[in-house]
Amino acid sequence: MTRNDALTQATEYFESGRLQSDLAALVAYRSESQNPDQAPVLQQYLQEAMQPRLEAMGFACSIHENPHSQMHAGPFLLGTRIEDPALPTVLTYGHGDVIWGQDSEWRDGLTPFELIEVEDRLYGRGAADNKVQHLINIAALESVLAVRGTLGFNVKIVLEMGEEIGSPGLADMMDRHRDTLAADVLIASDGPRLSAETPTMFMGSRGGLGFDLVVDLRKSAHHSGNWGGLLADPAIILAQALASITDARGQLQIPEWRPTSLTPKIRAALRDLPVGTDGGSTVDSDWGEESLTPAERAYGWNSFTILAMKAGLPEAPVNAIAPMAWARCQLRYVVGTDIEQTLPALRRHLDAKGFDKVQIKPLDEAVFAATRLDPDHPWVTYVQASLQQTTGKPPHVLPNLAGSLPNDCFAEVLGLPTIWIPHSYLGCNQHAPDEHVLKSVCREAMQVMAGLFWDIGIHAPGRATT
């Protein structure tokens, strides 16, 4: 049996329709972690859909309550498949929870919790994020086992049901079970490819910090004619404060928010990477840090975003000065940002600008930390070579994703090199109505992962070729 046999086995899994039917069964679980009413479904996804399949492959599985149960956070599945303790060990990960279905907002003929095929697209909530991604990796392991009879390495898996609410409890679980989950590398899948036609691999992610800015001046609104010009307007104060954080093109004006890690090596790694090619939106060339390329802005720099803001009654404006104004804000940040100083630096900045009435309220939800692995790490170059061998084209190698993932739980708590190989693309409508995956990407992803797992079983980094 050869590597090509494993690729053929993986391709047949896709072409026979089994991947599509298996994905349909997973999408049917309404596993909305943001909806407390669906808590039983989070447990069912692990017990009914995941555990039997993994045990049939020889995994020893256990399901654990979330240590942060007070947050209605979902459970975890931990699984181990040990062929020989002396062999290399790969840890993999996935999440079976999804965001709100947003049922009424999907286009005619589509519904979030039924997988529907339209040409090259498979529509369904969680189809891209993250159900197809861990399904492909599990099925690729099955393909190698079917051909070779063994993997040639050990596998451990973590499946969580709370990633969409910030992965509460995941770091604690990794710490509590660090001996059980000890491995040589994390190889997992989430997020999008940079281009649907080319595999992507990334080795970390930007961090995400959320906070509210609030101007709360009085208990009630006051008539805008009688009191206009006499009472401070919270909305105007907040708008001015927000405008001071960046300039008119979004360039950060707080020195501590500008990272120090965009080194020549990282710039070289980002130089030829596409940005926004599959997302359906055109990159605004006149937005963001003027001296940086689009790739450097997205993957090597920090960005500030106002997610939502409110004053008064937007749905029914009245002639009154609102008593308060509110904005939900977010900083996406890269390695090289001192996150402990981020909000204190904002406080100093606002005070210096005369905005002492603006309150900063940190959010209680989890914060994903920024992580990044050296592009020259042996596991990076190894995976890169395997992907190129399978597809005949060099993959896009990204030091870190622009979005955020709980990668710090693996990179920092477990101390692992981390490599992510996404099986979606930028235009997948992740976190939006009409979420979907491309069948063409799924087919190639099955081959890519089967080839990689075949290779690891023969000549993983640090292991003599057999």
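Glutamate 32 is buried, with a relative accessible area of 1% (buried means under 20% relative accessible area, exposed over 50% and partly exposed in between, with a 1.4 Å probe and protein chains only). The residue lies in the loop between helix 2 and helix 3 (39-56); helices (H or I, at least four residues) and strands (E, at least two) are DSSP runs numbered from the N terminus. Apart from neighbours within four places in sequence, glutamate 32 is in contact (heavy atoms within 4.5 Å) with Gln38, Leu42, Val98, Ile99, Trp100, Gly101 and Phe113. The model is predicted, with local features requiring pLDDT of at least 70 and side-chain atom pairs counted only at pLDDT 80 or more, while totals for chains, interfaces and linings use all residues. Residues are numbered from 1 along each chain as its sequence is written, and side-chain values use heavy atoms, leaving out hydrogens and water.

An open sheet of three strands shows the order 4-5-19 with antiparallel pairing, where two strands pair if DSSP finds at least two bridges between them. Its edges are formed by strand 4 (116-118) and strand 19 (436-438), each of which pairs on one side only. Strand 4 is joined to strand 5 (residues 121-123) over three bridges in the antiparallel sense, and glutamate 117 has leucine 122 of strand 5 as its bridge partner. In the loop between strand 4 and strand 5 lies glutamate 119, for which phi is near 55 degrees, a positive value in a residue other than glycine. Glutamate 119 is exposed, with a relative accessible area of 72%.

Helix 13 (residues 439-459) lies across strand 4, strand 5 and strand 19, and runs at about 60 degrees to strand 19; axes are lines fitted to C-alpha atoms, for helices over the stretch in contact, and angles run from 0 to 180 degrees between N-to-C directions.

The axes of helix 1 (residues 3-15) and helix 2 (residues 18-27) come within 4 Å and cross at roughly 60 degrees. Glu12, Tyr13 and Phe14 of helix 1 meet Arg18, Leu19 and Asp22 of helix 2.

Two further backbone features were identified. A cis peptide bond, with omega about 10 degrees, joins aspartate 129 and asparagine 130; asparagine 130 is found in helix 4 (residues 127-148). Serine 167, in the loop between strand 6 (154-160) and helix 5 (170-176), has a positive phi near 55 degrees and counts as buried at 6% relative accessibility.
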